[in-house]
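Subject: The model, plus some notes

Hi,

Here is the structure I promised to pass on.

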Amino acid sequence: MGNTKSSALSKELLEELKSNTKYSEAELCTWYQSFLKECPGGKISKEQFEGIYASFFPNADPSAYARHVFRSFDTNADGTLDFKEYIVALHLTSGGKTLQKLEWAFALYDVDGNGTISKNEIQEIVRSIFNMIPEEDQKNLPEDEDNPEKRAEKIWSYFGKKDNDKISEGEFIQGVMDNKEILRLIQYDEPQKIKDKLKEKKH
């Protein structure tokens, strides 16, 4: 019975996650059990995380995007996600408050973690998003955003920046809040399939 402690969520963590996410105590406890089943060590590696994304996108290549998402949630930069980081990731990618989501989006686009976003960083993330869009669907995109370069250019122009300028977190959040078009362009719209899969994982 030595492992009873590790198979139960600590009260402190439970309270913290309940107040910072939309999940109930019952949901969190159920998810913790399934998390431990998948990751007995209590941590998800980058490879495991990429594997989860790969199962959501059988017809595309989500590996680059998954790596960036992983980086943005690995808050202590130890190369793994613990249960808290994992739940925060799920919460923010499937319905966090707008401001929290935008802070996360900024962290996602701030590839080198220096507190500002460059045009190259926007291109890098947009390219990884395009890898997840099946080629058939790419053909249906508007002409001025039907490849990563055009889409990144469109985002950059909305912020009114010169090529070698930088965007701060405040500017990024304000810009997205003021312009729904930017929000649409910077995110990957999760297909219903992913939302259904996440629901399955709850049970």
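Below is what turned up, starting with the whole chain and then going pair by pair.

A word on the ground rules. This is a predicted model, so local features need pLDDT of at least 70 and side-chain atom pairs count only at pLDDT 80 or more, while totals for chains, interfaces and linings use all residues. Residues are numbered from 1 along each chain as its sequence is written, and side-chain values use heavy atoms, with hydrogens and water left out.

**The chain as a whole**

The protein chain has 12 helices and 4 strands; these are DSSP runs (helices H or I, at least four residues; strands E, at least two), numbered from the N terminus. It has 203 residues, and 40% of them count as buried. Buried here is under 20% relative accessible area, exposed is over 50%, and partly exposed is in between, with a 1.4 Å probe and protein chains only. The accessible surface comes to about 11100 Å², with 51% of that belonging to carbon and sulfur atoms (Shrake-Rupley method, 1.4 Å probe; for residues, only the protein chains shown count as cover). As for contacts (heavy atoms within 4.5 Å), take those with a separation of 6 or more: 60% of them are between residues 24 or more positions apart.

UniProt has an unreviewed entry that lists "domain: EF-hand" for residues 61-96 and 97-132; its positions are given in the numbering used here, feature names are shortened, and annotations may be inferred rather than shown by experiment. Over residues 97-132 the chain is 67% helix and 6% strand, with the end C-alpha atoms 25 Å apart.

Ile44 lies in strand β1 and is buried, at a relative accessible area of 2%. Leaving out residues up to four places away in sequence, Ile44 touches Phe35, Cys39, Phe49, Ile52, Phe70, Gly79, Thr80, Leu81 and Tyr86. Its C-alpha atom is 6.4 Å from that of Asp82, 38 residues apart along the chain.

Phe70, one of those contacts of Ile44, is also among the buried residues of α4, along with Ala64, Tyr65, Ala66, His68, Val69, Ser72 and Phe73. With 8 of its 11 residues buried, α4 is largely enclosed by the rest of the structure.

What ties β1 to the loop between α4 and β2? Asp78 and Lys43 meet there in a salt bridge, at 3.4 Å from N to O. Asp78 sits in the loop between α4 (63-73) and β2 (80-82) and Lys43 in β1 (43-45), so the pair ties together parts that are 35 residues apart in sequence. Asp78 is partly exposed at 37%, and Lys43 is partly exposed at 36%.

**Aromatics**

A search of the whole structure gives 11 aromatic pairs (Phe, Tyr and Trp rings, the last by its six-membered ring, with centres within 6.5 Å; planes under 30 degrees apart are stacked, over 60 edge-to-face, the rest tilted). The ring centres of Phe35 and Phe83 are 5.3 Å apart with planes at 65°, so this pair is edge-to-face. Phe35 is in helix α2 (25-38) and Phe83 in helix α5 (83-95), 48 residues apart. Phe35 is buried at 3%, and Phe83 is buried at 3% too. Tyr32, Phe35, Phe83 and Tyr86 form one aromatic cluster.

**Charges**

The structure holds 15 salt bridges, each a side-chain nitrogen of Lys or Arg within 4 Å of a carboxyl oxygen of Asp or Glu. One joins Glu145 and Arg184, at 2.8 Å from N to O. Glu145 lies in the loop between α8 (135-138) and α9 (148-158), and Arg184 is in helix α11 (180-186), 39 residues apart. Glu145 is buried at 1%, whereas Arg184 is partly exposed at 30%.

Lys150 and Asp146 form another, at 3.0 Å. Lys150 is partly exposed at 32%, and Asp146 at 27%. Salt bridges with shared partners also join Asp144, Glu145, Lys154, Glu181 and Arg184 into one network.

Arg151 in helix α9 is worth a look. It is buried yet has no salt bridge, and the nearest side chain of opposite charge, Glu145, is 4.9 Å away (Lys and Arg count as positive, Asp and Glu as negative; His and the chain ends are not counted). Beyond four places in sequence, its contacts include Val126, Phe130, Glu145 and Arg184.

Cheers
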